Amino acid sequence: MKKIWFGEIPDIFGYGISCLGNSKKEVMETMKKEYKRWKEQAPDEETNFKTSYEYYDGRIWKVELGKGYHGGLGE
């Protein structure tokens, strides 16, 4: 089965950031890009991506297409 990568930073900026990609690197780059886009709209937020990723329990993991997951992707 084909595997893809899923990444998320739950609840950041009140909404969270989620994305899918073909590699862990691609997902991390996309999340950084989305973080910067949100940060432009919330300039009072005095953190950087790494600090926010850790604070909001950001994570990236592999998922298999066609596989069932219970309790969330990758769980």
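Which residues make up the largest nonpolar core? Keep that question in mind while touring this predicted model.

**Stop 1: the core.** Select Trp5, Ile9, Ile12, Phe13, Ile17, Cys19, Val27, Met31, Tyr35, Phe49, Tyr53 and Ile60; these twelve residues form the largest nonpolar core. Now colour the elements that supply two or more of its residues: β1 (3–9), β2 (17–21), α1 (24–41) and α2 (49–55). Of these, α1 gives the largest share, with three residues.

Stop 2: Leaving aside residues up to four places away in sequence, Ile12 touches Ile17, Tyr35, Ser52 and Tyr56.

**Stop 3: the sheet.** Next, show the strands. There are three in an open sheet, in the order β2-β1-β3, and the pairing is antiparallel. Look at the two edges, where β2 and β3 (59–64) stand; each has a single partner strand, so one side of each has no neighbour in the sheet. Turn the view to follow the twist, which averages 25° from one strand to the next.

**Stop 4: a strand pair.** Hide everything but β1 and β3. These strands run antiparallel and are joined by six bridges. In general, strands of a sheet pair through backbone hydrogen bonds.

Definitions and conventions: Residues numbered from 1 in each chain as written. Predicted model: local features only at pLDDT ≥ 70, side-chain atom pairs only at ≥ 80, totals over all residues. Heavy atoms only, no water. Core = buried A, V, L, I, M, F, W, Y, C linked by side-chain atoms within 4.5 Å. Buried < 20%, exposed > 50% of the residue type's maximum accessible area, 1.4 Å probe, protein only. Helix = DSSP H or I, 4+ residues; strand = E, 2+ residues; numbered from the N terminus. Contact = heavy atoms within 4.5 Å. Pairing = 2+ DSSP bridges. Axes fitted to C-alpha atoms, helices over the stretch in contact; angles between N-to-C directions.
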